[in-house]
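Please examine the sequence and the three-dimensional model shown here.

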Amino acid sequence: MKTGLHPGDAPFAERDYKVTAIPSQYEHLDWIQPSGNSQKVADKAQLAVFTARDAARVYVAMDARATLPAWLSPEAGWSEIGDTIRLEDSTYPYTMKLYRKETAVNAPVTLGLNTVDEVNAGRNIGYFVLAERKPVGLHTAPVAPWSNQRTVTVTGSVYESGITLSVYNHKSPVAAMVLDGTAFELDVPLNLGPNELELRAQRPGSLLYDSVTAAVYYDPVAPELQLAELPSSVKTPVVELKGSVNETASLTVTRAGVPIAGTVTAAAYEPFTLDLPLDEGENRLIVTAEDPVGNKTVRELKVHYTFWAGTPRFINLDGRELKTLSPGMQAAAERSITNTTSKTKQIMLVVILLDSRQRMADYTAAAAEFAPGETKVLRAGFVLPSRTAGYTMKAYIWDGLDGMKPLSEEAVLR
């Protein structure tokens, strides 16, 4: 028995006939190479008998010139299929017609005698045999490579009912069933860690089978998520979150169900840092670490964000920063402010001048409306009196005139 018949091969032993053309669907088949002299045997009931180890398709390639022997007739279960294989030797080309018969598991296949007188007369070079196992047609739906469940469900189908389906994990049997129909669904138990699954489908009485394999990693444990403590209250619109996980995981952070940072893949034991934008007021942040299997660890953090405009600076008429007050000069306070909240804000810059007895000598202010995300510069000032000994200039930012909620530290210039 040989496997694979290709152009240039000799299908008969002790003969110079070589294959010159063969349909591609037959090139992979097993085949029997008979002796060329066997075609002249006349004193036996048949040339040979073999048993099919599984359901099979057997092909006989017979010289197209031959008178068809009775054992190769349709009544004996053979049918001409219309395909041919071409041979030639140093003298002539030959056409071999293909006949097919389908056999059951463990069924005998009889190869009868040729028409000896035609062989001796040179009108028939004989026949050779090809065969292929009929596959069970095992097909399975893709199996996820990761699982956090104790079992994995495998679904699929075969061509025929009565097939025995066996499952092996690392070559040890773990499940088996006989299929009533052609479709199946099977729960396969998993071991912790890697699982190398093999499904085998075979017909009753046959030792041959179709098989498919799948690799599944079973991990029911959620990742360990370590987070650095955050301050309970901040005056910056972004807070930095630092932490680590004990296995590769995807990190997400949501506020009121809405993601506030892109999904980040964190490597095992590698520190990570996430910049989290905050809303004004209380922020309830949900941090989720999810491993490739789908196990999740969830942490809740709370941070209160107070919008803060920052400390104003004092400048002169030329925009240079002031370090002290001088008589008769024009002095002002200014601050570039960005509204880092989601609401429109009225923001006011207030500047006062106090005399040596800390009584208000002058006052000015500048106010503007800030849309969310908008940046503006507030500036306000006045001309100082001719005498400024003991005077103090102060500036601060309020949340409008109504509430006058401080939005900055007090700036002081003496």
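The model is predicted, so local features are given only at pLDDT of at least 70 and side-chain atom pairs only at pLDDT 80 or more, whereas totals for chains, interfaces and linings use all residues. Residues are numbered from 1 along each chain as its sequence is written, and side-chain values use heavy atoms, with hydrogens and water left out.

A nonpolar core is a set of buried Ala, Val, Leu, Ile, Met, Phe, Trp, Tyr and Cys residues joined through side-chain atoms within 4.5 Å; buried means under 20% relative accessible area, exposed over 50%, and partly exposed in between, with a 1.4 Å probe and protein chains only. Strands (E, at least two residues) and helices (H or I, at least four) are DSSP runs, numbered from the N terminus. Not counting residues up to four places away in sequence, Met393 touches, among others, Phe314, Leu325, Val351, Phe382 and Leu413; contact means heavy atoms within 4.5 Å.

Lys345 belongs to strand E28, which spans residues 345-354. Lys345 counts as buried because its relative accessible area is 8%. Its side chain makes a polar contact of 3.1 Å with the side chain of Glu280. Such a contact is a pair of N or O atoms within 3.5 Å; within protein, one must be able to donate a hydrogen and the other to accept it, and residues adjacent in sequence count only if both atoms are side-chain atoms. Asn283, in strand E24 (residues 281-290), is buried at 0% relative accessibility. The side chain of Asn283 makes a polar contact with that of Arg255 at 3.4 Å. Leaving aside neighbours within four places in sequence, Asn283 is in contact with residues including Leu278, Leu301 and Tyr305.

With a relative accessible area of 44%, Thr324 is partly exposed. Beyond neighbours within four places in sequence, Thr324 is in contact with Met329, Leu413 and Arg414.

What is the volume of the largest pocket? It is about 290 Å³. Of its 16 lining residues, the closest to its centre are Asp30, Ala56, Ala131, Glu132 and Arg133. On a 1 Å grid over the protein atoms alone, a pocket is an open set of points where a 1.4 Å probe fits, with protein on both sides within 12 Å along at least five of seven lines; lining residues have an atom within 4 Å of a point. Strand E9 (127-133) is one of the strands that supply at least two lining residues, and E9 gives the most, with 3 residues. By class, the lining has 9 nonpolar, 2 polar and 5 charged residues.

Most residues other than glycine have a negative phi. His170 has a positive phi near 50°, and Lys171 has one of about 70°. His170 is partly exposed at 41% relative accessibility, whereas Lys171 is exposed at 75%.

How values were computed:
Points joined across faces, edges and corners; volume = space filled by probe spheres on them. Nonpolar A, V, L, I, M, F, W, Y, C, P; charged D, E, K, R; others polar.
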